[in-house]
Amino acid sequence: MSGIPARTPVVNDLVVKFANVNGTGSASANNLFAKALFRMGLSVSPKNIFPSNIQGLPTWYEVRVNDQGYLARREGVDIMVSVNPQSMAKDVREVKPGGYFIYDNSKPLDLRLMRDDIDFIGLPLTRICLEEYKDARQRQLFKNVIYVGAMAALINMDFSVLTDLIADQFKGKEKLIAPNVHALELGFQYAKRNFTCPLHVTVESRPMGDYILVEGNDACGLGAVYGGATMAGWYPITPSTSVVEAFEKYCKRMRIDPGTGKKNFAIVQAEDELAAMGMVIGANWNGARAFTATSGPGISLMSEFLGLAYFAEIPAVLIDVQRAGPSTGMPTRTQQSDVLACAYASHGDTKHVLVFPSTPKECFDMTAQSFDLAEQLQTPIIMLTDLDLGMNDNMSEPFEWDENRTYQRGKVFNAEQLESMSERFGRYLDVDGDGIPYRTYPGTHPTKGAFFTRGTSRDEYAVYTEDGEEYVANMERLLKKFETAKSYVPAPVITRANAKANAPVGILHFGTSMHATLEAVDLLAGEGIAADTCRIRAFPFADEIVDFINSHEQVFVVEQNRDAQMRTLLVNECDLDPRRLNKVLNYNGMPITARFVADAVSAVVNKSSGSQRKKAAAAKA
Amino acid sequence: MTYLRPEFRHPQLPVNELGYSRKDYEGALSTLCAGCGHDSISAAVVQSMFEMSIEPHRVAKLSGIGCSSKTPTYFLGKSHGFNSVHGRMPSVVTGANMANRDLIYLGVSGDGDTASIGMGQFAHAVRRNLNMVYIVMNNGCYGLTKGQDSATADVGSCSKKGEPNKFEAIDLAGVALELGATFVARSFSGDKDQLVPLIKAAVSHRGFAFIDVISPCVTFNNNPGSTKGYEFVRDHLEATGTVDFVPMREEITACYPNQTSEEVTLHDGSVVHLCKMDDKLNVRSRNSAVERMKNYKDRGRILTGLLYMDPDSQDLHDSIDSSKKPLRQLGEKELCPGVAVLQNINDSLR
Ligand SMILES: Cc1ncc(C[n+]2csc(CCOP(=O)(O)OP(=O)(O)O)c2C)c(N)n1
Ligand code: SF4
Ligand SMILES: [Mg+2]
């Protein structure tokens, strides 16, 4: 193999990619692999790269491993485990020089695929399964476990971690433990006997820390339980479906009334997203905490109702797990492309409070907090996550909850307060000067506090009016409320290259662009470029965000959409000169990488310093 | 909780069991056209609630958009109201009802609001048997947008615009029956004697109670040639019988000698007493209702009155087995699983 570049041992820095066929049970074996590395104390970032299909099409599972805490995707596959002949040509091409291509050699390899700069490792998966198992389904399922066993030998994983995991996984179905461990051993032993193990890329255990490994959507569902949601109205759509499924899963465990056995929650699968949003609005109007989860197409359908909730000032929580649009776009690929659609959802002058989590812990925290925010601010709160965060296992700080925390239900008059009130109740009166009025729940008091909720213009007492001055006063109050929201929403997170002074480069980012951006800062430092970062966690934008932009010479906005939507929102809302904000845009549906961010930043920095040098030289001459 | 009765009451005004006068059930002054059928329906709502001695604040009134959907402003001024968006009242009621099962939900809609833009939401509220009263003020046209034909306009019916309608009419009572509504009635805004007991029975019914009320639009669809005008409806109307709503413990009035009667006891103990003019109708049978409606339609007649009811129906809360205590009354204690549970969840994710 003459073309293989010189190899030096690499510990804890690799990307393994599994090429599978959708619907063949590979997911649980692949998860087993990733989880074992996680339990070995390593940083893992598994990514499911799946088609919009239930069975038959190619699907991939990519696991990046390192011990520096980097959780973004990384380009270049060190080891490809190919179990899908359909995608083999593409899969061979993806392996980086010096890497390995593991394939099922029960059938001969198509020689046209051969490359001389990588190693081909033949693992007779089909043959082993034919010999070991009689049942067709078992042959297919255990094939997946066998390659995990082989991988363990090839990269030197702790075998006991794998067997412990299997024991955990099949708690309650102990009969299944032995056959699974046997399958692992088949692969492990075959590799040991037939190949030089380990390869030049290996893994080594590290202390585990208190991280958890969980999908963002699961964390959202759990956050809704802790945040006191009692009602969810929803319509299925990838990649948001598992948010409500998680909510239901946790509710069934933790929200059954011990006395009566009845459910302390209600989930209604709506007829469409319009109805889902209508239900959420109706429930919140009536004093319950309700939410929905959807993705881009659902946002389009919910827009009319979002405008009503904004204008009539009804709390609502909406979780948008973004995917690649427009239209049906790439429904199983990730993007951050609903920023503008959500910020300005609906007709007329409408804007919404947005929050942007970056990790499962933030999904949990921000979901729970959104219910407080929605009721405090009496407006919809839209949480923007995405497929990458929502549907992939993400390593995260553990969930936390303060035992003494109480729900912030906002400004609501109860019966006693209404009873002792001598003045007339004004639903839209700005009593406290913060733009946030008081509300009442239906059924509170027989004679006081009732009002009419409407999408039409009204005065401070909720009485219909088309008086221009009343209308303007109300719209201005809504703006004031939006300003108040700045002090309620999660603050930006700023990192500095040097604690004492601003770096010349400032990078703004949000949501799942965080991991790539923070890692890019390290890459840039290696190239002699110092960069500070500012992670936007909410809209309306905090003043610190504008200060950050103003205090950096070269500013970048990293996002995963074509049109630089966050940049547009910044320019529009903070009155910025667009030329101040450089775009860093990744929108091919794959999670953004640190290399991508670093290259984009350094290209601009080097170009401008080059032209500065030229200018300086010209000035001298 | 006890509350002071309303303070300012004209001493001569009759009061109900709760001490409220009819005024306590009225709303703002109507801004609809003089003579609009919708106003009569508002008046029937006021009378029903007053006579049933329902505390006004125990009712939540919701609507979509249209002249008809404006009416909740004109009745029950002490109730919370919600004028939502066009065709989407059912979903808002669904959410509201999930939040608090203890209130009475009165949804008001138009034929445009229900039979066109809101058809989907209507259908799904019916099939979930949401516990609510759903009144359609049916004038065969879009009043608020100036008289276009609606989907309930009969073939050949001619509004003020002068063009006969070419498309098949949707019969909302028929649709409701087909989709499993557990209470279906039809009435006429000009027949308060029939409408008031129907509204009362609908309020007492547990589950989805649908009343299609023909309600002429005097401005755009009351001309000769229209099948939803006052004159045409009066001339073609026939009733299944006279309906008496009898609250618990009260005596039932007898029928006229040549009529057959049928009684249905509701889950709250009240009784619907029907003196039948059409003795072929069996109000407990969905098929019978469908058959009688078709029979009248084929003869060019409009069948009104109580068409079908299932007094033992299960509403949405029953189907999903949600807490008897209104969800909105639950607090941190019931809702938040706490720190120890969260630690276990963290551990399970390692
Ligand atoms: C999304 C949307 N589309 C159109 C309209 C305009 N619009 C207002 S009322 C109405 C029709 C109302 O007809 P109906 O429900 O029969 O009520 P009516 O006025 O006849 O009582 C329409 C089309 C609207 N408000 N919203
Ligand atoms: S336009 Fe027709 S429906 Fe509207 S208020 Fe006038 S009469 Fe009534
Ligand atoms: Mg109409």
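Good morning. In the model before you, 72 residues of chain A are in contact with 59 residues of chain B, contact meaning heavy atoms within 4.5 Å. This is a predicted model, in which local features need pLDDT of at least 70 and side-chain atom pairs count only at pLDDT 80 or more, while totals for chains, interfaces and linings use all residues. Residues are numbered from 1 along each chain as its sequence is written, chains are lettered from A in the order in which they are written, and side-chain values use heavy atoms, with hydrogens and water left out.

I turn to the buried area. Between chain A and chain B about 5500 Å² is buried, and carbon and sulfur atoms give 63% of this; the term denotes accessible area (1.4 Å probe) lost when two parts are put together, summed over both. Glu271(A), Pro446(A) and Phe452(A) supply 13% of the area that chain A buries against chain B, more than any other three residues.

Lys262(A) forms a salt bridge with Asp321(B), with the closest N and O atoms 2.7 Å apart. Helix α9 of chain A, residues 273-285, contributes eight residues, the largest share of the side of chain A that touches chain B; helices here are DSSP runs (H or I, at least four residues), and strands likewise (E, at least two), numbered from the N terminus.

Finally, the strands. Strand β17 of chain A (residues 452-454) pairs with strand β2 of chain B (residues 80-83) in the parallel sense, over three bridges; pairing requires that DSSP find at least two bridges. Within this pairing, Thr453(A) stands opposite Phe82(B).

How values were computed: Salt bridge = Lys/Arg side-chain N within 4 Å of Asp/Glu carboxyl O.
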